[in-house]
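Then I picked a single residue to look up.

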Amino acid sequence: MAEVVTGEAVILDVPCARFPSRLLALALDLLIQGILLFALFLIVGLAVTNDGTTSATAGAIALTVTIAIIVGYPVLWETLTRGGTPGKFALGLRVVSDDGGPERFRQALVRGLAAVVEIWLLLGCPALICSLLSERGKRLGDVFAGTFVIQRRLPARHNAATLPAVSPELALWAASLEMSGLTDQTAETARRYLARLPELAPAAQAELGERLAGAVRAQVTPAVAYLSAVLAERRNREHARLAVSAARGSPERVAPGRGFPGPGSPGPGWVGPTGASPAGENYPRAGPAVAWGEPTGPAREGEPEHIPPANGAGGFVPPA
């Protein structure tokens with residue numbers, strides 16, 4: 001794969017053609033050119049013999065036919081088909097510019113002229129050495145013309161690893177995210193990490209996953225917004241939990257009075273929500289707590305009010 005920066009400043013990953021496929025495509029094109037050369041030479045030879053032309057004329061005609069086949073064949077095909085020849089079509093190859101655009105006539109002409117030297121005269125040795133040393137598999141003609149050959153048809157990957165399934169809750173959350181800040185490079189890196197997850201050791205899975213998750217989170221959700229959302233959700237859940245606890249009811253402590261102890265450990269006089277005391281004894285159900293010095297109900301005529309006990313006195317004061 002090679003990264004290509006288009007004229008719109010978009011980075012694309014394109015598959016470069018491998019050397020065996022390029023060699024086979026070249027062999028098919030050379031075979032077709034050889035057949036054309038033989039056929040044209042036969043026709044020219046018969047025409048020259050019948051007309052009785054001189055050897056100089058015959059040589060000029062032969063040279064013209066040779067140049068037309070060797071140079072004109074690839075230039076004509078690559079110009080009309082935007083980077084293809086019969087051999088390249090058979091192997092699923094195509095010639096493109098360095099920016100990923102289609103091949104132009106000038107580039108096709110430079111490639112065709114360079115092929116005369118590096119392929120026909122020198123038997124392809126310079127093309128072979130240059131292709132092995134180039135990152136994109138370029139031969140000398142590609143270097144001079146600013147082109148390279150790509151693979152248009154890739155074999156299907158039947159055993160490609162599938163991405164992990166996404167839970168409905170996370171899918172709903174992801175649907176509301178703003179993805180404009182997520183770059184293509186980060187997304188592609190994360191996709192490759194998930195695809196190769198079964199091949200990685202547990203330690204590598206954790207380390208790479210944390211780094212990629214941090215990079216994606218920084219591009220999708222800013223740190224301030226992320227922290228604010230998490231803390232706000234935590235506060236809402238705490239409030240909801242407290243509201244549920246208050247609705248269910250909690251044990252009450254009533255004010256000290258007749259038969260009810262003051263603050264401290266539960267004892268006689270402490271009444272739970274069901275009206276039963278911790279010790280299993282039957283005590284009256286506790287009512288709402290009242291303030292000291294206030295009557296607990298309408299005082300009957302002729303009855304003295306209950307007065308709170310003095311400090312250190314018992315829990316009950318008999319009527320005067």
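I start with a term: contact means heavy atoms within 4.5 Å. I also note that this is a predicted model.

**Entry 1: helix α9.** I looked up α9, which covers residues 202–220. It has 19 residues. From its first C-alpha to its last it reaches 26 Å, close to the expected 27 Å.

**Entry 2: its two sides.** Which residues of α9 are buried? I found Gly209, Leu212 and Val220. Seen down the axis of α9, these buried residues fall within an arc of 80 degrees, so they line one face of the helix. I then checked the face turned away from the buried side of α9. That face carries the exposed residues Ala203, Glu207, Glu210, Arg211 and Ala218.

**Entry 3: the partner.** What do the buried residues of α9 pack against? They pack against α8, residues 184–195. I listed the residues that meet. From α8 come Thr186, Thr189, Ala190 and Tyr193. Among their partners in α9 are Gly209 and Leu212, both on my buried list.

**Entry 4: the angle.** I looked up how α8 and α9 pack. The angle is about 150 degrees, and the axes are 10 Å apart. Angles over 145 degrees count as roughly antiparallel, and α8 and α9 are therefore roughly antiparallel to each other. The crossing of α8 past α9 is left-handed.

**Entry 5: proline 74.** I turned to helix α2, residues 55–80, where proline 74 lies. Is proline 74 buried or exposed? Its relative accessibility is 15%, so proline 74 counts as buried. Leaving out residues up to four places away in sequence, proline 74 touches Gln33, Ile69 and Thr85. Proline 74 and alanine 108 are 34 residues apart in sequence, yet 7.5 Å apart in space, C-alpha to C-alpha.

Key. Residues numbered from 1 in each chain as written. Predicted model: local features only at pLDDT ≥ 70, side-chain atom pairs only at ≥ 80, totals over all residues. Heavy atoms only, no water. Helix = DSSP H or I, 4+ residues; strand = E, 2+ residues; numbered from the N terminus. Expected span 1.5 Å × (residues − 1). Buried < 20%, exposed > 50% of the residue type's maximum accessible area, 1.4 Å probe, protein only. Arc of directions from axis to C-beta. Axes fitted to C-alpha atoms, helices over the stretch in contact; angles between N-to-C directions. Parallel < 35°, antiparallel > 145°, perpendicular 65-115°, else oblique. Left-handed = near helix turned anticlockwise from the far one by under 90°.
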